[in-house]
Amino acid sequence: MSQKVLPTKINLIQFRRQLRLITVIKRLLENKREVLLLYLRTYANEYEKIYNEVNETMKKVYENYLQAVAAEGISNIEEIALSQKPSLEVNSSIKVIFGVKVPVIRLNKDSIPPKPFSDVETSPYLSESYEEMTEALNKVIELVELESTIRSLVSELRKTQRLINSIDNYILPFYRRSIKFIKQILEDRQREEFSRLKIIRRILQRRRESGAG
């Protein structure tokens with residue numbers, strides 16, 4: 001590729017400036033990569049923490065649900081379940097983390113059905129199961145948000161790494177080869193010019209000496 005570069009002093013100056021600029025850009029990208037990795041570690045740790053909490057809560061929900069089924073009977077439990085709305089509502093928006101758009105998801109608490117039974121009339125296991133499930137819903141929404149955030153950060157990290165790799169493997173080598181090529185041609189020309197001037201000086205010197213003789 002260097003052979004296609006016009007070997008002039010102006011190009012040498014421009015290529016050196018561009019090389020310095022690209023080096024700065026690479027350093028900024030490397031800083032961005034480090035920040036993204038820091039965010040990823042933080043969100044990954046938070047995800048693991050909440051994931052374990054959800055698992056623990058859902059285990060309790062399931063255990064209490066089985067106890068409620070044993071106490072109330074599966075038909076009564078199904079009747080209560082069928083009386084509830086089949087879906088929940090969430091509110092979503094976007095926030096920016098270090099230039100990366102990530103989702104913000106919040107459960108609309110008004111969309112959670114109120115407890116459809118009295119604690120006096122039904123098994124306390126059913127009430128506990130309802131309360132624990134309500135708590136778990138908020139954490140599940142947090143997990144969804146964290147997972148989406150992690151995916152967005154990973155995608156941006158990959159793009160950043162690809163740019164760094166491109167700079168390292170293609171752009172910087174091109175400019176370094178081109179600068180080396182131009183310098184070599186200019187130095188060769190300078191040596192040729194110097195040799196030519198020496199020859200001319202000798203010729204002129206001989207002519208002066210011949211004229212003087």
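View 1. Just after α1, Gly 73 has a positive phi of about 95°. This is a predicted model, in which local features need pLDDT of at least 70, side-chain atom pairs count only at pLDDT 80 or more, and totals for chains, interfaces and linings use all residues. Residues are numbered from 1 along each chain as its sequence is written, and side-chain values use heavy atoms, with hydrogens and water left out. Helices (H or I, at least four residues) and strands (E, at least two) are DSSP runs, numbered from the N terminus. Helix α1 has 64 residues, which should span 94 Å at 1.5 Å a residue. The expected span is 1.5 Å times one less than the number of residues. The end C-alpha atoms of α1 are 91 Å apart, which agrees.

**View 2. Tyr 62, Tyr 65, Leu 66 and Ile 74 make a nonpolar surface patch.** The patch covers about 390 Å². Patch residues have over 30% relative accessible area and no salt bridge; nonpolar side chains (Val, Leu, Ile, Met, Phe, Trp, Tyr) are joined within 5 Å, like charges within 9 Å. Areas come from the Shrake-Rupley method with a 1.4 Å probe; for residues, only the protein chains shown count as cover. Helix α1 (residues 9-72) gives the largest share, 3 residues. Ile 74 lies in helix α2 (residues 74-82). Ile 74 is partly exposed, at 43% relative accessible area. Buried means under 20%, exposed over 50%, and partly exposed in between (1.4 Å probe, protein chains only).

**View 3. Arg 106 and Glu 145 meet in a salt bridge.** A salt bridge is a side-chain nitrogen of Lys or Arg within 4 Å of a carboxyl oxygen of Asp or Glu. Here the N to O distance is 2.6 Å. Arg 106 lies in strand β2 (residues 100-107) and Glu 145 in helix α3 (residues 124-212), so the pair ties together parts 39 residues apart in sequence. Arg 106 is partly exposed, at 46%. Glu 145 is buried, at 11%.

**View 4. Asp 188 forms a salt bridge with Arg 191.** Their closest N and O atoms are 2.2 Å apart. Both residues lie in helix α3, 3 residues apart, about one turn of the helix. Asp 188 is partly exposed, at 27% relative accessible area. Arg 191 is also partly exposed, at 49%. Elsewhere, salt bridges that share partners join Lys 26, Glu 30 and Asp 168 into one network.
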